[in-house]
Amino acid sequence: MISRFAKSLFIIVTAIFVLAMLAMLHPPSRAYIDPWTGQLFGEGGVEKSWNPTHFLPGKANSPVTLPLAGVEGGVIMPKLGNETAKAALGRATWKLMHTVTLRFPEHPTADEREALKSYFHLTSRLYPCGECATEFQQLLKKFPPQTSSRRAASLWLCRVHNEVNLRLKKPEYDCANLSTEYDCGCGDDPLNTTSADTPSQISDDLERDTSKDELTGAGLIEGR
């Protein structure tokens, strides 16, 4: 006869074996609870399910990407009192922005156009010179960024730059010389000009109607 103790020991060992097999079949989830928010991260948690693309009710096949937070808003930085630092910062920033537009795709995607537009609006908020940023925001309202092509973006920025030059009583810059003045040394021609381009062709580009978007033809609202 098997003793009662032996039977109990056998049942306990069997139960432990069964639990061990179940654990092997269903390993514990590598997840944890954020102590600050109480949200579950890891397998099956918000970390895996997070996606900035949402769907409108009843339109499962029409994803909508939410706008980037922080793009719109007032100036963040305080006034910059050091005039020497302000001038050096301005020269460096104009060079950066002109180089960006001169190397922007000639045929950008919708995402690339939105990225460039957001870049200018973020710059108008985070520019280290608060009073300069305020002026740039006013210029963005009066002359909304044109992002339909590399040429449109670079000529738009040149016009904005000349608006600042006008206020500072500086000579108006010749926008036909952008690629020469802001050559990044990349070894290519930023504006895709060739020997076949003539001065009249460049002049025609500069005389395009900047009040309309080149790609859609939609009128751009000039703010006050």
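The model is predicted: local features need pLDDT of at least 70, side-chain atom pairs count only at pLDDT 80 or more, and totals for chains, interfaces and linings use all residues. Residues are numbered from 1 along each chain as its sequence is written, and side-chain values use heavy atoms, with hydrogens and water left out. Helix α3 packs against α4 and meets α6, and the whole structure holds two disulfides.

**Helix α3**

- Helix α3 covers residues 83–102; helices here are DSSP runs (H or I, at least four residues), numbered from the N terminus.
- The 20 residues of α3 reach 28 Å from first to last C-alpha, close to the expected 28 Å, where the expected span is 1.5 Å times one less than the number of residues.
- Buried residues in α3 are K86, G90, T93, W94, M97, H98, T99, T101 and L102; buried means under 20% relative accessible area, exposed over 50%, and partly exposed in between (1.4 Å probe, protein chains only).
- An α-helix has 3.6 residues a turn, so residues three or four places apart point the same way.
- The cover over the buried residues of α3 includes α4, α5 (130–142), α6 and α7.

**α3 against α4**

- Helix α4 spans residues 110–126, and its axis lies 12 Å from that of α3 at an angle of about 175°; axes are lines fitted to C-alpha atoms, for helices over the stretch in contact, with angles from 0 to 180 degrees between N-to-C directions.
- The two helices, α3 and α4, are therefore roughly antiparallel (angles over 145 degrees; under 35 is roughly parallel, 65 to 115 roughly perpendicular, the rest oblique).
- L96, M97, V100 and T101 of α3 make the contact with L116, Y119, F120 and T123 of α4; contact means heavy atoms within 4.5 Å.
- Six residues of this contact between α3 and α4 are nonpolar, two are polar and none is charged (nonpolar: Ala, Val, Leu, Ile, Met, Phe, Trp, Tyr, Cys and Pro; charged: Asp, Glu, Lys and Arg; polar: the others, Gly among them).

**α3 against α6**

- The axes of α3 and α6 come within 8 Å and cross at roughly 155°, and the pair is therefore roughly antiparallel.
- From α3, W94, M97, H98, T101 and L102 meet R150, A153, S154, L157, C158, V160, H161 and V164 of α6.
- The contact of α3 with α6 has eight nonpolar residues, four polar and one charged.

**Disulfides**

- C158 and C175 form a disulfide with their sulfur atoms 2.0 Å apart; a disulfide is a pair of cysteine sulfur atoms within 2.5 Å.
- This pair links distant parts of the chain, with C158 in α6 (residues 150–167) and C175 in the loop between α6 and α7 (178–181), 17 residues apart.
- Both C158 and C175 are buried, and their link is left-handed, with -95° about the S-S bond.
- The disulfide of C129 and C132 has an S to S distance of 2.2 Å and is right-handed, with 60° about the S-S bond.
- C129 is buried at 0% relative accessible area, whereas C132 is partly exposed at 21%.

**Tyr182**

- Y182 sits in the loop between α7 and α8 (199–206) and counts as buried at 12% relative accessibility.
- Leaving aside neighbours within four places in sequence, Y182 is in contact with W94, K95, H98, T99, L102 and H161.
- The C-alpha atoms of Y182 and M97 are separated by 9.7 Å, although the residues are 85 apart along the chain.
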